[in-house]
Amino acid sequence: QGRFVESGGGLAQPGGSLRLSCGTSGGTFSSYAMGWYRQAPGHERELVASIRTSDGTTTYADSVKGRCHISRDNAKDTLYLQLNDLKPEDTAVYYCNAAPSAYVRNSFWGQGTQVTVSS
């Protein structure tokens with residue numbers, strides 16, 4: 001059974017940028033609206049950005065709006081999240097999955113990719 005596979009995280013300084021990528025180990029998500037979720041220590045997992053497959057409409061949480069860009073390449077079954085002007089509060093494990101939350105495929109949660117923002 002497939003899972004989502006996230007990559008691209010790391011340590012960044014405040015104000016820096018990172019580009020996260022998401023693929024799958026099996027299956028395709030080209031027909032699904034997809035999103036990036038994040039979970040910080042002691043917090044629940046939250047949806048920070050989503051993109052529809054039908055028309056590419058994107059939505060962002062207020063916490064990342066203006067600093068974040070979600071995109072997808074359906075031919076490559078790859079989802080991206082460009083994070084700019086990083087803040088310490090962006091520190092979290094980032095995951096991808098179907099969006100919105102009601103459509104999450106629980107069996108497909110991957111390991112996530114750690115983003116740490118610190119000077």
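How many bridges join β7 to β8, and in which direction do the two strands run? In the structure described here, which is a predicted model, local features were considered at a pLDDT of at least 70 and side-chain atom pairs at pLDDT 80 or more, whereas totals for chains, interfaces and linings use all residues. Residues are numbered from 1 along each chain as its sequence is written, and side-chain values use heavy atoms, with hydrogens and water left out.

Strands β7 and β8 are joined by 6 bridges and run antiparallel, strands being DSSP runs of E with at least two residues, numbered from the N terminus. Within this pairing, R72 has L79 of β8 as its bridge partner. Two strands are taken to pair if DSSP finds at least two bridges between them, and on this basis 4 strands form an open sheet in the order β1-β3-β8-β7, with antiparallel pairing. The edges of the sheet are β1 and β7, each of which pairs on one side only, and the twist from one strand to the next averages 15°, as computed from axes that are lines fitted to C-alpha atoms, with angles running from 0 to 180 degrees between N-to-C directions.

Strand β1 (residues 4-7) presents a covered face, formed by F4 and E6, and an uncovered face, formed by V5 and S7.

A search of the whole structure finds 6 salt bridges, each defined as a side-chain nitrogen of Lys or Arg within 4 Å of a carboxyl oxygen of Asp or Glu. In one of these, E46 pairs with R38, with the closest N and O atoms 2.9 Å apart. E46 is partly exposed at 32% relative accessibility, whereas R38, at 5%, is buried (buried means under 20% relative accessible area, exposed over 50%, and partly exposed in between, with a 1.4 Å probe and protein chains only). R38 also forms a salt bridge with D90, for which the closest N and O atoms are 3.0 Å apart. This pair links distant parts of the chain, since R38 lies in strand β4 (residues 34-39) and D90 in the loop between β8 (78-83) and β9 (92-98), 52 residues apart.

R67 is located in the loop between β6 (58-60) and β7 (68-73) and D90 in the loop between β8 and β9, so the pair ties together parts that are 23 residues apart in sequence. Both partners are buried, R67 with a relative accessible area of 10% and D90 at 1%. Through shared partners, salt bridges join R38, E46, R67 and D90 into one network.

The largest nonpolar core has 26 residues, and those with the most contacts inside it are W36, I70, L79, L81 and Y94; such a core is a set of buried Ala, Val, Leu, Ile, Met, Phe, Trp, Tyr and Cys residues joined through side-chain atoms within 4.5 Å. The elements contributing two or more residues to this core are β3, β4, β5 (46-51), β7, β8, β9 and β10 (113-117). When residues up to four places away in sequence are not counted, the residues touched by I70 include M34, W36, A49, I51, Y60, L79 and L81, contact meaning heavy atoms within 4.5 Å. A second, separate core of 6 residues includes Y37, V93, Y95 and A99.
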